[in-house]
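Biologist: Please take a close look at one annotated part of this model. Start with its extent and make-up, then set it in its wider context.

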Amino acid sequence: MSGCGLFLRSAAAARLGRALVAFTASRRPLRTSPPSQAFAKELFLGKIEKKEVFPFPEVSQDELNEINQFVGPVEKFFTEEVDSQKIDREGKIPNETLEKLKSLGLFGMQVPEEYGGLGLSNTMYARLGEIISLDCSIAVTLAAHQAIGLKGIILAGSEEQKARYLPKLASGEHVAAFCLTEPASGSDAASIRTRATLSEDKKHYVLNGSKVWITNGGLASVFTVFAKTEVVDSNGSVKDKVTAFIVERDFGGITSGKPEDKLGIRGSNTCEVHFENTRVPVENVLGEVGGGFKVAMNILNSGRFSMGSAVAGMLKKLIEMTAEYACTRKQFNRNLSEFGLIQEKFALMAQKAYVMESMAYLTAGMLDQPGFPDCSIEAAMVKVFSSEAAWQCVSEALQVLGGSGYMRDYPYERILRDSRILLIFEGTNEILRMYIALTGLQHAGRILTARVKQLKQGNVTTIMETVSQRVRDSLGRTVDLGLTGKLGAVHPSMEDSAHKLEQNVHYFSRTVETLLLRFGKTIVEEQLVLKRVANILINLYGMTAVLSRASRSIRVGLQNHDHEVLLANIFCTEAYYQNLFALSQLDKYSPENLDELIKKVSQQVLEKRAYVCAHPLDWTS
Amino acid sequence: MRLLRLREVKAFFQGHAASHQLGWNWIPRLSLSPKGLKILAASLSCCRWLSDRQRHELGPSHPAGPGPLSGLGRYLQHCPHRSPLLSVVLYPQVTPQAPRGLHCSTAAHNPDSPLVPRPPEPQRGLVKALAPHEELFRQAPDGVRDKASFVQAVQNFTQYNVHKRGHVDFIYLALRKMREYGVERDLAIYNLLLDIFPKEVFRPRNIFHSIFLHYPRQQECGIAVLEQMENHGVMPNKETEFLLTQIFGRKSYPMLKFVRMKLWFTRFKNINPFPVPRDLPQDPVDLARLALRHMEPDLSARVTVYQMPLSKDSTDATDPTEPHIVGIQSPDQQAALAHHDPARPIFVEGPFSLWLRDKCVYYHILRADLLPPEEREVEEIPEEWNLYYPMQLDLAYGRSSWDDYEFNIDEVEEGPVFAICMAGAHDQATLAKWIQGLQETNPTLARIPVVFRLSASSGELLASSSGLEETPLTPPEGREEEENNQQRQQQSQS
């Protein structure tokens, strides 16, 4: 877990990285393999890193038994004792429920065992997430506590800090919260206003400022707070830099506002937190002074992958409930389930659930590998895909349910409201798409620099090479990246899908090259282009995940693996055509690309700040 | 455009299948960018002015004053500079709203005098016959001049004059009187006036009638009615069309004019992207508010009234103690002012004029000089800015020139404008109060030296406008005003 989300971009990150290495080394002494290339980044170069994704990551039988023993009671608790409707109505998780959660150890799932946590691997964490998500309020409370709230201490804390805070946090005696967002600062770290000034005796920082929309803000007694501090940098000038602090409520001067009234996840506690002259000892600086930006980024990047399995768990439950309704409700002497339009919705839900589950567990497995995998792109892709699929599927489920889906007596509308937040928090999907596309393009751009330069300077050999490549591409050559065939990783029953994936990857890399050639570093401004790049990549990752998983299922001989093959083939074909369309939109002067028109329309609307058209009934005079 | 003209002429001779065809088929050709619209509108106002001048030159007795077809050629012949702009807009029949509403547009017509051609008779001699039906309009017993009394006058004419003798004179007279009765924008009244014409009499009965101007005086009178409608932006309706076909027939000049109005009104009615309301507020503070909003592109800008006029009665600008001061400032301007280097002075400049329909208002700006290039701060992207994705890529190459669609434009950069104000008086004392008021929201302003660079405004315009701001136009003044406009336009064009 600790390695997840490490994102080495500069020297400062490297410093932090050393701290992380030191920590993880203590957990996993066997570390000889070099840092592995991330799978998604290589897709930008037209390569499929087979050993990263094939075979589908597995856990041993013992581990599985262990986790199943654990899953049982948790599932029982959630299905029998948690009253989600009551939590939603009252806007509060009852204390006894929280106590039970604590006694089950769910507050310290990823805290290492030596600090009193469960020390679960990412895969195990994802598995438990499936069950916890049966109640979104509880899931969000727990995630805010351990996926972001105390994650900073695990990732960047010193031994003393860990020893001091983690045991109580793991037991749930203390609840953690993550305080980053401010009224003026969402993802913009430069506009953080909260300030920490060093006291004269240099033993304390005095913290002043307020944070908004803090999940668990009212419950928490330990906060990870990000504030601006003055840092003297190497050339002697004083700069404001973000620093992370561990702040206890007992330090004084902390007040939380009243809980916000929200659309969904109403049981979770979200409120403002104000710090007024809170004295924080210097030992409570998390990471380095001035290194808070990297800490925040790592925490945010590491927490995302688990959404995939959580949403899949919720969707599976939803499919059960909806199918029950569709098979019993009769219209025109036929069950709803006999109508094609209803059947289609179930296929969609099953497909989405399958894909996101595959993506989530593939990512979790990659994170659990020895080495130091940088899977932040993959995690972001899982988050984007699963949150959007969740919204779409819940909406379709409500459509199946008709009127009863809209009534508050049934749980469905609550699920709809709850799932809306998934697209917004932990980085909105728009922002994550930028992240996915830009990180990949940065990687590809660096590697292609020499080539692009040669092309721009008019190096004859390179140009001839490129032209001949393009000519071969346009003649429709078959792309073979070695997924199929005699020693192929993909089962022959999905050979077509594998070919589709290979072809997509190949042309994707071509498009990436063209885009880099066309836009260079100014591609940062081309958000609509970046969105398509991200969408294609998400689809590619999804295709890889389902192919890998379905192949494993066949090989191991899992029950109903033919169903999995069906789902995998459906998804791959759909994604293939979506990708082809997106790729053609990325061509220059593509007739499918309406970006210019779209920009014009939005520009005019935003200039007027209103709908521009005249009323259809109007006359000229 | 030229194509269109041919079509239209053809349509006219094919006996009016035209208005709808022309009305709708050609809309896409007119989709212009805002900049294009401005140019078009400017050229329109130029064209209007030319047409007016022409009419003055030709003299009102010229038979083809607003002549629809021949007029075009003449405009081009007489036009001093045949600019390509002019060829864009060949039609003088244009709704007056378009040019007038433009920022600083000078096309302030006094709608009274020059647009309605005088009937030819009075000039021919008989002064006594100047207004043969004047008494009909003098009758109003209680002196109330409104729609009802105007309708009454027209009805009186038709009632007592069964043979409609002198109806052309009467219509011309009525057209001139409309403004006094405040009915110049009432379509029903225009239809009423057209209804005075005897029906079926002037219709061409054979091809020769329609080739040669049949009943020219009556046709011209009909055109005059339509022309006045046009000048007031009144769109003719089905009833107008019906009356015109009844009176003059389809193949007549008034009908052609009607078709053209139907065509061009729809295109030019909303051509101004910055529309000005038809009735301007009378209160100078409200007017200033409107004008400031009109000039300020930023919708989040806030209008502040720094000082209300002393009382309702003493709103005239001659009262030096308490003239109104209204200012506007957007948040961006506020931020720019906050970042201004206090060592550099800023300037209050003005007055500059702004025309809103027939009113001229004056404004002042608070501005600074452009920073010399060596002192400008280069905006750099902070290293740790975005928590979620990189704000810039670390690549050695930029956009290829094939994907660089930026035109190579020489742009003249100007210094920043920090605020705009409109005050009842244009002296330094008043403007100093404005600066004081601004200091409340812009604390840095207290440390920046402010230099007043007030130009002595061109006396004539200011004098007439200071009357204009408060009182509605009186006809003679308006005439003078318009001539001023023309002079100014000439200056600006030359």
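Modeller: Take residues 330–455 of chain B. In this predicted model, the span is 17% helix and 26% strand. Its end C-alpha atoms lie 25 Å apart.

Domain 1 covers 135–269. Domain 2 is made of three pieces, 284–309, 322–376 and 413–463. The centres of domain 1 and domain 2 of chain B, taken over C-alpha atoms, are separated by 48 Å.

Now the chain that carries the span. Chain B has 494 residues, and 49% of them count as buried. Its secondary structure comes to 20 helices and 6 strands. Consider contacts in chain B between residues at least 6 apart in sequence: 75% of these join residues at least 24 apart. The chain exposes about 24900 Å², with 55% supplied by carbon and sulfur atoms.

Move to the helices of chain B. Glu134(B) is found in helix 8, which runs over residues 134–138. Is Glu134(B) buried or exposed? Its relative accessibility is 16%, so Glu134(B) counts as buried, the cut-off being under 20%. Leaving aside residues up to four places away in sequence, Glu134(B) touches Leu173(B) and Lys177(B).

Next comes a charged pair in chain B. The side chains of Lys147(B) and Asp186(B) meet in a salt bridge, 2.9 Å from N to O. Lys147(B) lies in helix 9 (residues 147–160) of chain B, while Asp186(B) lies in the loop between helix 10 (167–181) and helix 11 (187–196), so the pair ties together parts that are 39 residues apart in sequence. Lys147(B) is partly exposed, with a relative accessible area of 38%.

Chain B also meets chain A. The contact takes 28 residues from chain B and 49 residues from chain A. Phe293(A), Lys521(A) and Thr620(A) supply 17% of the area that chain A buries against chain B, more than any other three residues. The area buried between the two chains is about 3500 Å², and carbon and sulfur atoms give 57% of it.

Side chains of opposite charge can pair when their charged atoms come close. The rule finds 6 salt bridges across the interface of chain A and chain B. Asp298(B) forms a salt bridge with Arg609(A), and the closest N and O atoms of that pair are 3.3 Å apart.

Over all chains, the structure holds 52 salt bridges. In chain A, Arg195(A) forms a salt bridge with Asp240(A), the closest N and O atoms being 2.4 Å apart. This pair links distant parts of the chain: Arg195(A) sits in strand 2 (residues 195–198) of chain A and Asp240(A) in strand 5 (residues 238–248), 45 residues apart. Arg195(A) is partly exposed, at a relative accessible area of 28%. Asp240(A) also counts as partly exposed, at 39% relative accessibility.

Both partners fall in a span that UniProt lists, from an unreviewed entry, as "domain: Acyl-CoA oxidase/dehydrogenase middle", residues 177–277 of chain A. Over those residues the chain is 0% helix and 51% strand. The end C-alpha atoms of that span are 19 Å apart.

Another pair in chain A joins Arg408(A) and Glu413(A), whose side chains meet in a salt bridge of 3.8 Å, N to O. Arg408(A) is partly exposed, with a relative accessible area of 44%. Glu413(A) has 12% relative accessibility, so Glu413(A) counts as buried.

Chain A also holds a salt-bridge network. Arg127(A), Glu130(A), Lys316(A), Glu357(A) and Arg549(A) are linked in it.

Thr544(A) is found in helix 19 (residues 527–556) of chain A. What does Thr544(A) touch, not counting residues up to four places away in sequence? The list is Phe39(A), Val53(A), Phe54(A) and Leu501(A). Thr544(A) has 0% relative accessibility, so Thr544(A) counts as buried.

Conventions: Residues are numbered from 1 along each chain as its sequence is written. Chains are lettered from A and ligands numbered from 1 in the order in which they are written. This is a predicted model: local features need pLDDT of at least 70, side-chain atom pairs count only at pLDDT 80 or more; totals for chains, interfaces and linings use all residues. Side-chain values use heavy atoms; hydrogens and water are left out. Helices (H or I, at least four residues) and strands (E, at least two) are DSSP runs, numbered from the N terminus. Buried means under 20% relative accessible area, exposed over 50%, partly exposed in between (1.4 Å probe, protein chains only). Contact means heavy atoms within 4.5 Å. Accessible areas come from the Shrake-Rupley method with a 1.4 Å probe; for residues, only the protein chains shown count as cover. Domain bounds come from an automatic or database domain assignment. UniProt positions are given in the numbering used here, feature names are shortened, and annotations may be inferred rather than shown by experiment. Buried area is the accessible area (1.4 Å probe) that two parts lose on being put together, summed over both. A salt bridge is a side-chain nitrogen of Lys or Arg within 4 Å of a carboxyl oxygen of Asp or Glu.
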